[in-house]
Amino acid sequence: MADKASGRERKPRITVKDLARDLNMSVSTVSRAFHPHAVIAQQTRDAVLKRAQEIGYRPNPFARSLITKKTRIVGLVVSDITNPFYPEVVTRMTEDLRAYGMNVMLVAAQAPKEIDDAVRLLLTYQPDLAIILASRLSPEVRDECEAQGTPVVFFNRLSEDDHCFGVSCDNRVGGAMVADFLIDRGHERLAYIAARPDASTNVERRAGFVQRAIERGLEEPVCVEAGLFSYEAGYGAAAAYGALPVRPDGVFCANDILAIGFMDGVRRELGLAIPEDLSVVGFDDVAMAAWPSHGLTTVRQPVEAMLKSTVDIARKVSAHAATEPFVQRIAPTVLVERQSTRDRHAD
């Protein structure tokens, strides 16, 4: 068969029947060799797998799913793909899931409101698990997932009920870490640049930051509503910061990309210097936070532990291991100090 795009002859796909004929075995015996828990002599399994590798046979995952009732498809659904944190996470999560033999399907929605449609599309492929990154899910679509037997995991966000798994950084702890960091370095007037009001990450980071500042004897930090986790929202928040009657000297932004936009806005639109006029702290520790042009002080999310927990859930679900949904909050332990902050005690 000719490949029209390349002009080359396309080799016919080797089927399980071809492999069985080659080995002079039954199709059922050959098929069992590819299932780790199937009853088959180890010598026979080894012979099948060795010959399959030699001739280039690969099991058809869709045909296998008819037998196992599992597709081994894990759907990743993300709407905030422009936030650098999520491409980094998706890349690493995909690698980890594939290492356990799972097939990863990425569905990207243009906006949070399109997440429901994205999940409905994903359900047509009968995934074993759906992982929702950076968004919410309507109760109706959540019920559709439950009816189909597809568990849902919220990553770096939390569901509003206890019907879904949740794996998240302990954002309250992270917010408190930022407050302690700024106060310990002599900052007395604090502000929080808020992102999406319906995002659990935003709500919890603000709550931890505000509560710790009050506990330490400061006035409640000012809140500037940026509205989104984006560079543009952060840049625009600089104007609102500049209009405050008394400008805070220590600012905590809901995430790194918001902080980077805010710093650019403060410098370009207000003519202020960072960290001389104000210190700025972000949250996530994305790769660009360390770029010399940004030098952003930030809380590092415990991504390794979060990924491990998520992959463990996926493995248990795929192996039919029944488990009730739970939420795991993993506390951050590292605040990376860079050039966007300074110690005001030296003034």
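I start with a term: a residue is buried if its relative accessible area is under 20%, exposed if over 50%, and partly exposed in between, with a 1.4 Å probe and protein chains only. At 0% relative accessibility, Phe283 therefore counts as buried. Phe252, also at 0%, counts as buried.

Two remarks on where this comes from. The model is predicted, so local features need pLDDT of at least 70 and side-chain atom pairs count only at pLDDT 80 or more, while totals for chains, interfaces and linings use all residues. Residues are numbered from 1 along each chain as its sequence is written, and side-chain values use heavy atoms, with hydrogens and water left out.

Now the helix. Helices (H or I, at least four residues) and strands (E, at least two) are DSSP runs, numbered from the N terminus. Helix α5 covers residues 85-99, 15 residues, and spans 22 Å from first C-alpha to last, close to the 21 Å expected at 1.5 Å a residue; that expected span is 1.5 Å times one less than the number of residues.

Which residues of α5 are buried? They are Phe85, Tyr86, Val89, Val90, Met93, Thr94 and Leu97. They lie on the same side of α5, because their arc around the axis is only 145°, taken from the directions from the helix axis to the C-beta atoms. The general point is that an α-helix has 3.6 residues a turn, so residues three or four places apart point the same way. On the face turned away from the buried side, Glu95, Arg98 and Ala99 are exposed. The cover over the buried residues includes strands β1 (73-78) and β2 (103-108), as well as α12 (303-318), where contact means heavy atoms within 4.5 Å. After α5 comes Gly101, with a positive phi near 80°.

On to the rings. Rings of Phe, Tyr and Trp (its six-membered ring) pair if their centres lie within 6.5 Å; planes under 30 degrees apart are stacked, over 60 edge-to-face, and the rest tilted. The whole structure has 8 aromatic pairs. One of them, Tyr192 with Phe209, is tilted, at 6.3 Å between centres and 40° between planes. Tyr192 is in strand β6 (residues 190-194) and Phe209 in helix α9 (residues 200-215), so this pair ties together parts 17 residues apart in sequence. Both Tyr192 and Phe209 are buried.

Phe252 and Phe283 are also a tilted pair, because their centres are 6.3 Å apart and their planes at 40°. Phe252 is in strand β8 (residues 250-253) and Phe283 in strand β9, so the parts tied together are 31 residues apart in sequence. Tyr192, Phe209, Phe252 and Phe283 form one aromatic cluster.
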